[in-house]
Amino acid sequence: AVMQDLGQMIGQADDQLAFDRLIREMLTSNPKETWHLATTLGLLRGYSSKWDHHPSQIWTKAGGSIPEKVVSQFLAFCSSTVADFTLDLSDRAMAVDLLGYLPDYFSMPLLRKLLANPDVPNLQLAAVSALGVSELQDAAQLLVSPELWSTYTPKVRASVISHLVSKKVFVPSLLAAIEQGVVMAGQIPSSDRKRLMNSKDTQVRNRAKAVFTDLEGGDRMQVYAKFKTVLDTPGVAAEGEAVFLKICSACHSFQGQGGNVGPDLTGMKNQPADAILLHTIVPNYEVYPMYQATMIETTGGNNLAGWIKAETDNSVTLRTAYGSDENILRSNIKSIHNSGRSLMPDGLEQTISREELRNLVSYLKSEGINPL
């Protein structure tokens with residue numbers, strides 16, 4: 001971890017000679033250890049964040065003077081680290097992260113295999129992040145392929161969506177997946193839907209309006225009034241747990257299980273059932289200031305959304321919709337916009353049945369572990 005941080009600092013610095021020298025040492029070191037991968041990851045990640053270059057350009061610049069045999073040996077070491085079950089999972093995940101900065105001909109087959117293996121979710125999430133670094137349409141199309149999308153957990157899906165909406169080159173693939181019914185429009189955060197519907201790209205704007213208008217154009221309070229009748233019949237709290245895990249747990253926690261993107265829902269059991277339903281169907285009815293969505297556009301044209309976790313004179317840290325923290329240098333920020341809205345998307349009622357919605361409210365009104 002220390003070497004990764006040091007590598008990132010050198011990658012972000014203005015000393016090109018120090019960058020070239022250190023990355024050459026990492027590639028040619030023998031024997032190789034995992035800290036060599038960590039340092040290389042930090043170097044490439046830092047260099048990429050500073051100059052907003054395509055990762056393949058970074059690799060060409062860094063490895064152009066390195067013999068092909070040395071590069072091949074380094075790639076083989078990275079691959080063997082990913083597959084080594086005797087190593088700590090954090091080391092293997094770090095090697096997967098590094099794949100996002102390595103040549104596509106080498107990384108894509110490995111990342112495809114990792115995406116198709118939900119048995120190791122940490123590596124699957126790392127594979128999503130690695131593909132998110134890419135600028136390839138093939139990467140976006142792989143992330144939303146029907147055979148893979150149907151196997152993703154809520155946390156993995158949230159991660160995929162976050163990466164696809166952040167890059168202009170990925171947006172057409174996301175819109176195509178929505179048009180084809182692979183991805184549901186209600187799974188996209190409202191702030192991102194509105195941004196795409198107002199895109200300067202005419203084709204993106206028209207396609208976004210076609211798939212998102214029903215969600216963004218209606219009165220959410222009318223939708224709430226329509227669904228209040230689900231509370232006329234008691235729900236089954238025990239069955240609501242499965243609904244929570246499927247729909248909410250990627251972002252929210254309840255009774256100690258779930259994500260850390262949105263507020264902890266444990267205290268909601270003290271609220272009336274109709275209030276819980278209101279916040280579920282109309283997430284923008286009341287949004288705590290710290291959880292309001294902030295959109296950042298980088299000088300390289302990428303778009304990130306999340307709530308601001310920390311700020312310094314030099315950088316801003318966003319907690320994204322899938323629980324990771326993105327640190328953006330202020331020198332790479334083109335614009336910052338606080339929408340005042342929630343990261344939680346409207347339209348959740350379109351993704352579950354009325355019975356599931358009723359059971360979810362009952363579960364959130366329960367004690368969780370020992371439901372009423």
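Student: What are the ground rules here?
Tutor: This is a predicted model, where local features need pLDDT of at least 70, side-chain atom pairs count only at pLDDT 80 or more, and totals for chains, interfaces and linings use all residues. Residues are numbered from 1 along each chain as its sequence is written, and side-chain values use heavy atoms, with hydrogens and water left out.

Student: What is the mean pLDDT of the chain?
Tutor: The mean is 86, and 94% of the residues reach 70 or more. pLDDT is the predictor's confidence in each residue, from 0 to 100.

Student: Where is confidence lowest, and where highest?
Tutor: Lowest in helix H4 (residues 55-63), at a mean of 59. Highest in helix H12 (residues 171-179), at 95. Helices (H or I, at least four residues) and strands (E, at least two) are DSSP runs, numbered from the N terminus. Where pLDDT is low, the predicted coordinates should not be read in detail.

Student: Switching to rings. How many aromatic pairs does the structure hold?
Tutor: It holds 6. One of them is Trp 149 with Tyr 152, edge-to-face, at 5.7 Å centre to centre and 75° between the planes. Rings of Phe, Tyr and Trp (its six-membered ring) pair if their centres lie within 6.5 Å; planes under 30 degrees apart count as stacked, over 60 as edge-to-face and the rest as tilted.

Student: Is Trp 149 buried or exposed?
Tutor: Buried, because its relative accessibility is 4%. Tyr 152 is buried too, at 5%. The cut-offs: buried means under 20% relative accessible area, exposed over 50%, partly exposed in between (1.4 Å probe, protein chains only).

Student: And which ring pairs with Tyr 291?
Tutor: Trp 307, edge-to-face, at 5.4 Å centre to centre and 75° between the planes. Tyr 291 lies in the loop between helix H17 (273-281) and strand E3 (292-298), and Trp 307 in strand E4 (residues 303-311), so the pair ties together parts 16 residues apart in sequence. Both residues are buried.

Student: Which residues form an aromatic cluster?
Tutor: Phe 244, Phe 254 and Tyr 363 form one.

Student: Where does the charged end of Arg 92 sit?
Tutor: Over the ring of Phe 85, 4.6 Å from its centre. Arg 354 lies over the face of Phe 227, at 5.0 Å from the ring centre. The test is NZ of Lys or CZ of Arg within 6 Å of the ring centre and within 35 degrees of the ring normal.

Student: Now backbone. Which peptide bond is cis?
Tutor: The one from Asn 30 to Pro 31, with omega near 0°. Pro 31 is in the loop between helix H2 (16-28) and helix H3 (34-51). Gln 255 has a positive phi of about 55°, although it is not a glycine. Most residues other than glycine have a negative phi, and most peptide bonds are trans.

Student: Where is Gln 255?
Tutor: In the loop between strand E1 (253-254) and strand E2 (257-258).

Student: How many bridges between E4 and E5?
Tutor: They pair over 5 bridges, in the antiparallel sense. Gly 306 stands opposite Thr 320 in E5.

Conventions:
Two strands pair if DSSP finds at least two bridges between them.
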